[in-house]
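Here are some notes to read alongside the structure.

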Amino acid sequence: MRRSLFLLPVAIFAVMALLFVKGLTMDPHVIPSVLIDRPVPEMDLAPLPGRGADTGLATKDLKGRVSLVNIYGSWCIACVQEHPYLVEFKKTGIVPIFGIDWRDDPAQGAAWLKRHGDPYERVGNDPAPGRAAIDFGVTGAPESFIVDKAGIIRYKHIGAITPEVWSKTLLPIIRELQK
Amino acid sequence: MKKVVFVALLMALATPALAVYPSEMLPDPAQEHRARELGKDLRCLVCQNQSIDDSDADLAKDLRVIVRERIKAGDTDDMVRQFVVDRYGDYVLLKPPFKLSTLALWLGPFVLFVGALSVVFGFYRRRKTVAAAPPPPPLSPEEQRRLAALLKESGQ
């Protein structure tokens with residue numbers, strides 16, 4: 001009994017050390033979303049100039065098919081890194097990609113798409129204070145949501161989508177939801 | 001002395017800089033006060049250890065604007081808080097709510113304190129019982145003989 005009492009501080013230290021080691025590997029910017037399994041928030045966002053009249057993004061556009069909703073902005077640096085991959089994924093035709101041009105001037109959002117490629121079926125502009133983005137619980141750009149056929153948010157990815165994230169995480173979820 | 005008072009007064013004037021811009025403020029001081037109190041407890045999602053009132057991030061500014069919109073629309077403080085929690089979860093509250101998943105957070109320190117107290121009390125009680133124990137029985141003749149032999153051996 002007394003022996004085990006001496007071991008107690010060692011045991012406490014071991015548990016704390018394990019927790020801290022786990023904490024080191026966690027990204028503090030990845031906050032679990034409360035919107036998972038909740039319907040897409042109500043929105044009706046205006047189209048970008050030069051993309052046609054009926055190309056804005058509304059809640060009803062996200063029903064009937066599994067879709068990927070991507071938050072970007074012409075001011076967003078990580079989006080530049082992610083964007084070529086979105087253009088690639090669009091070519092596969094697996095899933096329609098929708099864009100929300102967050103906290104952006106519509107003209108700049110459109111110019112940015114001209115420069116980096118346009119993978120979006122529809123894009124809505126969400127000017128400051130970014131009501132749609134806040135309704136989506138967005139904490140930064142880029143962020144992407146997988147929405148199922150019924151218009152329910154099923155998954156949220158924070159940060160840039162890489163080919164690895166696409167093939168290992170997003171694609172299996174999309175395939176499963178498409179069944 | 002005068003100088004000291006002057007410097008002290010200057011220091012009293014220095015209030016922590018808030019990121020709230022005059023253009024964001026509500027015309028009604030009572031409503032603005034409520035917005036400030038709410039903003040203090042809402043976490044900025046970008047610079048996570050600051051409140052939205054302290055932070056200069058765009059998202060914090062947007063949330064300040066939306067908090068004020070809700071207040072103007074007649075929401076109570078709880079409704080405004082719920083509005084933000086519905087979108088960002090309990091994480092957005094700098095003061096986490098007391099519920100099952102946060103039990104360890106709220107009660108942990110007290111559990112540790114009581115544990116530490118019991119260890120200290122246990123230690124002193126044991127010391128007391130050792131001190132208050134009856135004296136050991138005198139040595140038997142056999143033990144006295146052995147003691148004498150040992151002492152002799154070591155030359156004392």
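1. Charges over rings. A charge counts as sitting over a ring if NZ of Lys or CZ of Arg is within 6 Å of the ring centre and within 35 degrees of the ring normal. Chain B gives us two cases to look at. The charged end of B:Arg43 is placed over the ring of B:Tyr91, 4.4 Å from the ring's centre. Likewise, B:Arg87 has its charged end over the ring of B:Phe83, 3.7 Å from the centre.

2. Ground rules. This is a predicted model, in which local features need pLDDT of at least 70 and side-chain atom pairs count only at pLDDT 80 or more, while totals for chains, interfaces and linings use all residues. Residues are numbered from 1 along each chain as its sequence is written, chains are lettered from A and ligands numbered from 1 in the order in which they are written, and side-chain values use heavy atoms, with hydrogens and water left out.

3. Aromatic pairs. Rings of Phe, Tyr and Trp (its six-membered ring) pair if their centres lie within 6.5 Å; planes under 30 degrees apart are stacked, over 60 edge-to-face, and the rest tilted. By that rule there are 7 aromatic pairs over all chains. Take A:Phe136 and A:Phe145: their ring centres are 4.9 Å apart and their planes stand at 50°, so this pair is tilted. Are these two residues buried or exposed? Buried means under 20% relative accessible area, exposed over 50%, and partly exposed in between (1.4 Å probe, protein chains only). A:Phe136 has a relative accessible area of 0%, so it is buried, and A:Phe145 is buried too, with a value of 0%. Elsewhere in chain A, one aromatic cluster is formed by A:Tyr72, A:Trp112 and A:Tyr120.

4. The cavity. On a 1 Å grid over the protein atoms alone, a cavity is a set of points where a 1.4 Å probe fits but cannot get out, and lining residues have an atom within 4 Å of a point. Grid points are joined across faces, edges and corners, and the volume is the space filled by probe spheres set on the points. How many cavities of 30 Å³ or more are there? The count is 1, and the largest cavity has a volume of about 40 Å³. Its lining includes A:Ile31, A:Pro32 and A:Lys156, along with B:Arg87 and B:Tyr88. B:Arg87 is the residue whose charged end sits over the ring of B:Phe83.

5. Cis peptides in chain A. One cis peptide bond joins A:Ala128 and A:Pro129, with omega about 5°. Helices (H or I, at least four residues) and strands (E, at least two) are DSSP runs, numbered from the N terminus. A:Pro129 falls in the loop between strand 5 (122-126) and helix 4 (131-135). Another cis bond links A:Ala141 to A:Pro142, where omega is about -5°. Look for A:Pro142 in the loop between helix 4 and strand 6 (143-147).

6. Positive phi in chain A. A:Asp37 is not a glycine, yet its phi is positive, about 70°. A:Asp37 is in the loop between helix 1 (2-24) and strand 1 (44-45), and is partly exposed at 48% relative accessibility. A:Arg103, also other than glycine, has a positive phi near 50°. The loop between strand 4 (97-102) and helix 3 (106-116) holds A:Arg103, which counts as buried at 18%.

7. Distances in chain B. An automatic or database domain assignment sets the domain bounds, giving domain 1 (2-97) and domain 2 (101-153) in chain B. Over C-alpha atoms, the centres of these two domains are 55 Å apart. B:Val130, in helix 5 (residues 103-132), is exposed at 61%. From B:Val130 to B:Ala57 it is 73 residues in sequence and 64 Å in space, C-alpha to C-alpha. B:Lys72, found in helix 3 (residues 58-72), is exposed at 56%. B:Lys72 and B:Leu26 are 46 residues apart in sequence, with 8.3 Å between their C-alpha atoms.

Technical notes
1 Å grid on protein atoms, 1.4 Å probe; cavity = no way out; pocket = protein on both sides within 12 Å on 5 of 7 lines; lining within 4 Å.
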